[in-house]
Amino acid sequence: MLVLLGATPALPLDEAGKYVAGAYVVFLALIVVYVAIMAAKLQRIERELRELASFAEQGLPGMPGREAEDMPADVKAQPVPVSDRNLTPSEAATGRPDRVQGSPDV
Amino acid sequence: MYGKGLKSLSIATTFALVAALALVFFYAPLDGDQGFIQKIFYLHVPLAITALIGFVVGGVFAIAHLRSGDSRWDAYSYVSIHMSVIFGVAVLITGSIWAKASWGHWWVWDEPTLVSFLIVFLMYATYYPFRYAIEDRDQQARYASVFAIVAGAFVPLNFMAVRMAQSLVHPRVFATTNGGLPGSMMLTFLASLLAIGLLWVTLVKFELTAKSASGQVKRLRRALDAPAPGGRSRVAPEVG
């Protein structure tokens with residue numbers, strides 16, 4: 001690597017050097033800030049998933065331990081109907097789920 | 001689903017960026033007029049082109065959303081515009097640095113290219129408050145799509161109007177008359193454009209994957225959040 005760097009021509013880092021460096025550093029900084037924001041989002045998703053996973057492992061209330069696994073398959077596979085769960089404001093207004101399955105949350 | 005191919009795309013983007021930077025600093029010759037400052041051109045112009053194309057792409061996705069009603073197209077449109085706005089910030093900052101080094105001013109108000117890009121950028125900056133001012137999600141997606149189509153159509157019109165204007169100071173480096181870029185500079189520029197374009201695609205895919213994962217977690221939480229016997233929620237309230 002040092003040999004490669006030694007063989008490369010010297011850059012004319014005079015007065016213009018600081019401006020060119022500034023432009024490229026700004027670009028790099030924007031990417032780093034973006035990646036940091038995305039990392040924070042990923043941490044939040046991971047925390048929520050861990051919380052939901054621990055809840056699922058504990059089983060449903062009234063069915064302690066692993067008893068929830070003994071439910072009939074058709075009961076387990078039943079999606080929660082809109083009317084049986086806490087509704088979001090838009091669901092309450094429209095009377096239907098506010099997200100299409102598989103679509104990302106915008 | 002959105003994360004498919006993200007790893008290989010990220011690796012390709014990294015290689016493309018490193019190769020482009022190597023070409024910029026160790027292959028492309030110094031510009032006879034501007035000297036070393038011209039190296040900003042290989043960053044600033046590809047960023048601007050990618051951002052403007054991204055705005056138009058957001059409009060095309062919005063058309064697909066209005067035609068099909070599929071909210072995935074709305075997500076594509078939103079993320080395309082979001083990423084182009086971020087690239088737009090980089091365009092404005094790197095352009096200002098170049099202007100200061102080349103013309104001695106951070107900003108020149110009588111230069112059509114600069115002002116027109118600022119207008120496009122500010123127009124898209126209003127996309128977020130416009131979108132999130134609407135509470136109903138279907139209506140929000142529809143209105144945002146209409147905005148994206150109208151604004152996306154404005155971008156090429158604006159570009160053509162500026163090209164037809166008699167600019168005083170902004171260089172026209174792709175002109176076919178009076179020279180243009182020599183081969184080595186053009187190769188470097190195309191490598192930079194490819195690298196920045198790949199970066200845009202990678203970040204869009206990255207953002208879509210993160211939003212999809214977040215949406216899936218919220219769906220799972222809602223599904224598990226059916227009231228337990230006794231009326232209490234079985235899942236702790238959402239954090240953040």
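These legends describe close-up views of a predicted model. Local features need pLDDT of at least 70, side-chain atom pairs count only at pLDDT 80 or more, and totals for chains, interfaces and linings use all residues. Residues are numbered from 1 along each chain as its sequence is written, with chains lettered from A and ligands numbered from 1 in the order in which they are written.

**View 1. Chain A has 4 helices and 0 strands.** Its pattern along the sequence is α-α-α-α. Helices (H or I, at least four residues) and strands (E, at least two) are DSSP runs, numbered from the N terminus. Of the 106 residues in chain A, 7% are buried. Buried means 20 or more other C-beta atoms within 10 Å of a residue's own; exposed means 12 or fewer; partly exposed lies in between; C-beta atoms are placed from the backbone.

**View 2. Helix 4 of chain B spans residues 112-125.** Its buried residues are L114(B), F117(B), V120(B) and Y124(B). I119(B) and L122(B) are exposed on the face turned away from the buried side.

**View 3. The largest nonpolar core has 64 residues.** Such a core is a set of buried Ala, Val, Leu, Ile, Met, Phe, Trp, Tyr and Cys residues joined through C-beta atoms within 7 Å. A23(A), I40(B), L47(B) and F87(B) have the most contacts inside it. Elements giving two or more residues to this core include helix 2 (15-58) of chain A and helix 7 (183-224) of chain B.

Note on methods: Expected span 1.5 Å × (residues − 1).
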